[in-house]
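Subject: Structure handover

Hello,

Here is the structure I said I would pass on. My notes on it follow below.

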Amino acid sequence: MRRVAVEAAAACAPRLVRAFRSTPADLDLSTKRNTHDLVTVHDGATENELVRLLGAAVPGSRFVGEEGGARGPDGVDDHALTLVEAGAAAATHTLEWIIDPIDGTANFAHGFAMFSISVAAAVDGVVVAGVVLDPVNGLEFSADDDGAYLNGQRFGSRGSGAPAAGPGGQDAVAPVGAPAPDEHALNLVTSYPSAEALDVDGPVALERFGRLVDAYATVRRTVSGALELAYTAIGWADVTMGMDTNPWDVGVGQLLVRRAGGHYLARFYDTDGPERREPHLAPCYVAVAPGRTAPTAVRVLEETVTARRAAGHRTAGVRADRVDRASTP
């Protein structure tokens, strides 16, 4: 599954490299949910090509993508299937590809070289392999049952056959071994608070962000969830915190972090059995690189999720809910 994902992403990379830093007219730039949510002609085209390549490599695959939503084995929109057909497909086809054709579209559209193609393979709803490919910088992060890789070379401390986090990503946050460096020496990447988070949380979101700025040596807002997690897995970033993400944002990244020996703390808004759900379905998380601890980021995560629960906030995103249902065999 890792090899198939890597080959499909690599085949789509040249198109994005050629299009990078082209004109707005060439990109056919528009918005989706709001002015912060950009999309280009290359998002949909790349996703369609990935679906074609992955479907040809593994016939019978199902797909969930940021642009096209859930699709059946023949690339058909799942919402066009009858309930009987959808149930039969779910019972027969257990492999699902979770696709973000351009993670970091805003960066891609503005000529900032921090975006990637993300392809995760989920079997019976569990992500087992995938790739995060940065086509401009030539960085290919991938993961499978045996470990995490950069351009095909293994990295990280987790050995073959070592246990991964269970459903819900309930790893211990403190790693075992040598003392972790002081939190003030670490760098954190996060997109919190986004405009949407400010709308939900109000001024307290800025106070929480200020605490992060005070606690860490550097706080960066790179707006590319898949690469943020890949950088955390390899240790170029120490901590990543995400709020209101979708499964295609974190599908491969959370696996990379765990396979490299880092820690991924996933949080759901509801408390109805989150431990039975896979970590890539959680809307909120803190990821910590191997050998680090991040108590301030964890506290901010817990406070935000707890406050939103108390306020009745239960939305993980309509599209994420569609993935949750589609990923259930």
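Is Arg 52 buried, partly exposed or exposed? Arg 52 counts as partly exposed, because its relative accessibility is 48% (buried means under 20% relative accessible area, exposed over 50%, and partly exposed in between, with a 1.4 Å probe and protein chains only).

Before the rest, some conventions. This is a predicted model, in which local features need pLDDT of at least 70 and side-chain atom pairs count only at pLDDT 80 or more, while totals for chains, interfaces and linings use all residues. Residues are numbered from 1 along each chain as its sequence is written, and side-chain values use heavy atoms, with hydrogens and water left out. Helices (H or I, at least four residues) and strands (E, at least two) are DSSP runs, numbered from the N terminus.

Helix α3

Arg 52 forms a salt bridge with Glu 49, at 2.7 Å from N to O (a salt bridge is a side-chain nitrogen of Lys or Arg within 4 Å of a carboxyl oxygen of Asp or Glu). The two residues are 3 apart in helix α3, which means that about one helical turn separates them. Glu 49 is partly exposed as well, at 28% relative accessibility.

The 17 residues of α3 reach 25 Å from first C-alpha to last, close to the 24 Å expected at 1.5 Å a residue (the expected span is 1.5 Å times one less than the number of residues). Buried in α3 are His 42, Asp 43, Thr 46, Glu 47, Leu 50, Val 51 and Leu 54. These residues cover an arc of only 170 degrees around the axis, so they sit on the same side of α3 (the arc is that of the directions from the helix axis to the C-beta atoms).

The sheet

There is an open sheet of 8 strands with mixed pairing, in the order β4-β3-β5-β6-β7-β8-β9-β10 (two strands pair if DSSP finds at least two bridges between them). Strands β4 (69-71) and β10 (153-155) are the edges, each pairing on one side only. From one strand to the next, the twist averages 20 degrees (axes are lines fitted to C-alpha atoms, for helices over the stretch in contact, and angles run from 0 to 180 degrees between N-to-C directions).

Strands β5 (residues 95-103) and β6 (residues 116-123) run antiparallel and are joined by 7 bridges. Glu 96 has Ala 122 in β6 as its bridge partner.

Helix α3 (residues 41-57) packs on this sheet, where it touches β3 (62-65), β4, β5 and β6, and its direction makes about 150 degrees with that of β5 (contact means heavy atoms within 4.5 Å). Helix α8 (residues 225-234) lies across β5, β6, β7 (126-134), β8 (139-143), β9 (148-150) and β10, and runs at about 75 degrees to β8.

Helix α7

Helix α7 (residues 204-215) has 12 residues, which should span 16 Å at 1.5 Å a residue; the end C-alpha atoms are 17 Å apart, in agreement. Ala 205, Arg 208, Leu 212 and Ala 215 are its buried residues. They line one face of the helix, because they fall within an arc of 90 degrees when seen down the axis of α7. Leu 206 and Asp 214 are exposed on the other side. The buried residues pack against β11 (187-190), α6 (195-201), β12 (218-220), β13 (239-242) and α10 (295-310).

Arg 211 is partly exposed, with a relative accessible area of 25%, and Glu 207 is partly exposed at 40%.

Other salt bridges

The whole structure holds 12 salt bridges. In the one between Arg 308 and Asp 244, the closest N and O atoms are 2.7 Å apart. Arg 308 belongs to helix α10 and Asp 244 to the loop between β13 and α9 (247-259), so the pair ties together parts 64 residues apart in sequence. Arg 308 is buried, with a relative accessible area of 2%, whereas Asp 244 is partly exposed at 31%. A network of salt bridges links Asp 201, Arg 208, Asp 244 and Arg 308.

Regards
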